[in-house]
Amino acid sequence: MKKKYGFTLVELMAVLVVLGLLLLMSVPSITGTLQKSKERKKEEYEKSLCTALKSYYEIERDEAGNKFSLPLSVKISELINKEYIKKNQVKEEDRDKSITMKNDFSCSR
């Protein structure tokens, strides 16, 4: 009698079904993680702009003899020009926009 080597079609199909089920369970988890990562990146970006504006406010206010008042609105390009934030840290489309610091020192665009 001859020995048979390999797998039957049924065994191969069973493996494919199991792999498909594993893939179906892992895809939502991966997409959720990617979405959270994008949100965190956006939050950190906004935070870095706000930090630059706060530094701008404190330093420029001291140099101007406390003549700055809140709310304060500054173009992001000015923050770049005065080196409160690096050019490569700011998105190209945001460079001509303004950022505003409110009376409670929170920032918005």
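Which residue in E2 is the bridge partner of valine 74? Select valine 74 and look across: the partner is isoleucine 99. Before moving on, know that this is a predicted model, where local features need pLDDT of at least 70, side-chain atom pairs count only at pLDDT 80 or more, and totals for chains, interfaces and linings use all residues. Residues are numbered from 1 along each chain as its sequence is written, and side-chain values use heavy atoms, with hydrogens and water left out.

Helices (H or I, at least four residues) and strands (E, at least two) are DSSP runs, numbered from the N terminus. Now show E1, E2 and E3: they make an open sheet in the order E1-E2-E3, with antiparallel pairing. Two strands pair if DSSP finds at least two bridges between them. E1 and E3 are the edge strands, each pairing on one side only. Between E1 and E2 there are 4 bridges.

Next, select helix H1, residues 9-63. At 1.5 Å a residue (times one less than the number of residues), its 55 residues should span 81 Å, and the end C-alpha atoms are 80 Å apart, so the two agree. Zoom in on serine 26: there's a kink of about 25° here, shortly before proline 28. That bend is the angle between axes fitted to the seven residues ending there and the seven starting there.

Last stop: glycine 65, which follows H1 and has a positive phi, near 75°.
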